[in-house]
Amino acid sequence: MASLSRALRVAATRPGRSPAQGLGPRALTSGAGATTEKSVPYERTLKEARGPSAVAQGPSRPLPSTANVVVIGGGSLGCQTLYHLAKLGVSGAVLLERDRLTSGTTWHTAGLLWQLRPSDVEVELLAHTRRVVSRDLEEETGLHTGWIQNGGLFIASNRQRLDEYKRLMSLGKAYGVESHVLSPAETKALYPLMNVDDLYGTLYVPHDGTMDPAGTCTTLSRAAAARGAQVIENCPVTGIRVRTDDFGVRRVAAVETEHGSIQTPCVVNCAGVWADAVGRMAGVKVPLVAMHHAYVVTERIEGIQNMPNVRDHDASVYLRLQGDALSVGGYEANPIFWEEVSDKFAFGLFDLDWDVFTQHIEGAINRVPVLEKTGIKSTVCGPESFTPDHKPLMGEAPEVRGFFLGCGFNSAGMMLGGGCGRELAHWIVHGRPEKDMYGYDIRRFHHSLTDHRRWIRERSHESYAKNYSVVFPHDEPLAGRNMRTDPLHEELLARGCVFQERHGWERPGWFNPGGTAPVLHYDYYGAYGNQAHQGYAYNRLLADEYTFDFPPHHDVIKQECLACRGAAAVFDMSYFGKFYLVGADASKAADWLFSADVSRPPGSTVYTCMLNPQGGTESDLTVSRLAPGPEASALAPAFEGDGFYLAVGGAVAQHNWSHITTVLQDQRFRCQLIDSSEDLGMISIQGPASRAVLQEVLDADLSNEAFPFSTHKLVRAAGHLVRAMRLSFVGELGWELHIPRPSCVPVYQAVMAVGAKHGLVNAGYRAIDSLSIEKGYRHWHADLRPDDSPLEAGLAFTCKLRSSTPFLGREALEKQRAEGLRRRLVCFTVDEKVPMFGLEAIWRDGQAVGHIRRADFGFAIDKTLAYGYVRDPSGGPVSLDFVKNGSYSLERMGVTYPAQAHVKSPFDPDNKRVKGIY
Ligand SMILES: Cc1cc2nc3c(=O)[nH]c(=O)nc-3n(C[C@H](O)[C@H](O)[C@H](O)COP(=O)(O)OP(=O)(O)OC[C@H]3O[C@@H](n4cnc5c(N)ncnc54)[C@H](O)[C@@H]3O)c2cc1C
């Protein structure tokens, strides 16, 4: 039997490659796509329980003619979704599995479950999975799922890594997840076989553990069946019938198989690496790629029993306890793509490519030296699906109503399965998930990207290769860039703009005084024989900020912010989503969609939210009432009835579009939603000097009387027709100019030319983030999410509750108001100069009462600001007095810092500056 060290030596002797790098040139794809069956380390696999080629035997039970929901795929996600649908009381849910349960990826999973991730929602999802496998299923079925609680140990070999773990520990405190930072000596005492000489420290999470795939899925299917759900194996889905209703909406109608069809209004695509093929059956795009993902199982290791699972991020390996042996796996820089996903692949594995896998061995041996002399019992290399941002694909597809996604689990589909299955079930039954699932929602991607193969492939590769990298606050992808560039891109690039990627767009992050830093084509980090970029300025600027301290560009952002507060700054916000809502029912639709009253005269602009039925906030945006114009142009379409111009954050344009479309369809409003995002650019000029600058560029009177706050007008800017809007995202006097694409450059240049004498500077979104938090403006999907109501977020002023006009989410808000708010968004300032980025625990009078959602440094007030929801540990309503009367501290990386709570923004609390009062 080969030992790990021998494998390393063999790989090292191959010509043309170095085992240490593990990145030698080789073909990008797997050859013929071998499907050799290997042994797997589970005692009870379904494979062993029953013979092969079961599909030929036909379905394991007769198909019903109708079903409320059909789940496609019997892996971790399909079984969890079916179980949670049944628990929510959905009758007649059916799961169709092509072969037998778990036969895709699930059967050979490593099954690791860690409880701490750098995301509050993921911590909650993981907690739910853990509850299901360690408690609920056993209580319901009397069967043990195979859950083993052996704990988890994260290894830090440098300070940044330990800092990241300490951030996780602080977040864990807000959720009651026990964890401990251990010194090297303490780690050695816990795990005697570990080499701790090069350790900085570790994070030990005693209640982490290991899931058994067969045990979990069998128990889930039994529990679901006990509640009336049906599991039908050996029944491949061959087609999905879609109908177009009398409103022109495409909806799921039926699922087809060789053994008959099932009429259904709802399908859930849990088909793992086959989800792309299943999506195509309905005309739904599923942006994922299949890759080989592997671990090896060692021979017996004396003294390894009962050790925790280990994740050594810096070595990119994990060591999973396997009885009295270890499974060793990791993430490579050069993973193998599975190009031709075979639909005959069941309980299959690939031959392990040692050229690729060897890169993990050195790290594993370094961590547990006894591995050098330990044999390898079996290799497990199977297919798994990976997505462009390493997050799953969930929710209702924008293309077809009733078609839900539950796929793309990036090697975390066991541990996320329970939480995600529950949210999917909620999504299907209640229209929206219970938690904030935006990070997993298919609508986070713009529709132009979801079938862009190069983008999907590049981004999925980078996400895979960086999976174990520290998640730094200001990191950006290098893959799949320059997909969407706005008309000012070249202008800004020449002025040193360092771009951020959002929704495929390149938007300005900040301006580098040291020169230009273009984003180059993706070099796959030199993998697959690509030439890695040398002296890549953009990459170097990103790397400079790989820290949890104040980043080296802190002072550059400071200059941009203070210029905006003291003179003026111009922000290119062209990536914004810009939609027109027009037609006979547009006013009715606007009343229902928007929480604020937008039924004002043409020329008005209103900041509003859009809510879901639970009163959660799906979006915040500005809505401008339009006067009907005779001619259609990018600045206003021709329309009859009423018209509104909607400006939404560019990173969430698809989400907004899909939300509005869904509501229009559900309510059968007769109006049109028109997307003009690419036809218009937008610059925002903000600061005390903005009026003086623009007065020289625009042909309009910009006085408070002639052009008040929250209004808009068509005006000429340097001779070009634009829509000027008096608004602010940063708490200053300022105007946005919405400009037809061909006019963007001349208008921008005119503004810059005039602005030079007024101290006008270019500024980016890093400055907006700081300025907006300083002013107390909310950021959607940070401090305002689908699970936060505007009342909890301090945005009651955006809700027309004093009127009698019904609107989506109103009933939930009224109920919440009557019962009292269970949590409130609170602004904190920290006196000590310490950087915070979110996820810090909030302590009130010695008790953890929440965590920080968003934090940044405010340069005008010269303090760190942090926003987080505070709850009363007793479970009671949270009044303003409760907020004011506490004594607070924020815990960052295990250290607490005294903090002041504010019920009003500490910067310009009387809102004078936006009114032009300086
Ligand atoms: C080596 C390795 C190690 C891993 N380790 C971990 C880990 O430690 N922790 C963790 O959480 N995750 C881990 N994962 C990931 C995890 O195993 C997967 O994310 C998870 O199993 C995916 O489940 P799924 O239900 O999405 O897909 P699958 O298990 O692949 O299920 C999809 C099912 O759909 C069926 N199907 C496909 N097409 C059709 C059709 N037309 N009709 C009917 N049925 C169809 C397939 O037969 C298959 O059974 C690992 C993965 C690998 C490869």
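Predicted model: local features only at pLDDT ≥ 70, side-chain atom pairs only at ≥ 80, totals over all residues.
Student: At what angle do the axes of α4 and α7 cross?

Tutor: Helix α4 (residues 120-141) and helix α7 (residues 213-226) cross at roughly 45°, and their axes come within 10 Å. Axes are lines fitted to C-alpha atoms, for helices over the stretch in contact, and angles run from 0 to 180 degrees between N-to-C directions. The angle makes α4 oblique to α7. Angles under 35 degrees count as roughly parallel, over 145 as roughly antiparallel, 65 to 115 as roughly perpendicular and the rest as oblique. Helices (H or I, at least four residues) and strands (E, at least two) are DSSP runs, numbered from the N terminus.

Student: Which residues meet in α4 and α7?

Tutor: On the α4 side they are V132, V133, L137, E140 and T141, and on the α7 side T216, T219, L220 and A223. Contact means heavy atoms within 4.5 Å. These residues divide into 5 nonpolar, 3 polar and 1 charged. Ala, Val, Leu, Ile, Met, Phe, Trp, Tyr, Cys and Pro count as nonpolar, Asp, Glu, Lys and Arg as charged, and the others, Gly among them, as polar.

Student: What about α3 and α11: at what angle do they pack?

Tutor: Helix α3 (residues 76-87) packs against helix α11 (residues 417-430) at about 50°, with the axes 8 Å apart. These two helices are therefore oblique to each other, and α3 passes α11 in a right-handed crossing. Residues making the contact include L77, H84 and L85 of α3 and C420, L424 and I428 of α11. The contact residues divide into 7 nonpolar, 7 polar and 1 charged.

Student: Which residues touch the most other members of the largest nonpolar core?

Tutor: They are V69, L96, Y191, L371, F403, C420 and F571, in a core of 174 residues. A nonpolar core is a set of buried Ala, Val, Leu, Ile, Met, Phe, Trp, Tyr and Cys residues joined through side-chain atoms within 4.5 Å. Buried means under 20% relative accessible area, exposed over 50%, and partly exposed in between (1.4 Å probe, protein chains only). Apart from that core lies another, of 34 residues, among them V570 and I683.

Student: Changing topic, is R854 buried or exposed?

Tutor: R854 counts as buried, at 8% relative accessibility. This residue is found in strand β35 (residues 847-858). Not counting residues up to four places away in sequence, R854 touches several residues, including D769, R778 and Y867. The C-alpha atoms of R854 and R778 are separated by 9.6 Å, although the two are 76 residues apart along the chain.

Student: And where is N306?

Tutor: N306 is in the loop between β13 (289-298) and β14 (309-312). With 66% relative accessibility, N306 counts as exposed. Its phi is near 70°, a positive value in a residue other than glycine.

Notes: Residues numbered from 1 in each chain as written. Heavy atoms only, no water. Left-handed = near helix turned anticlockwise from the far one by under 90°.
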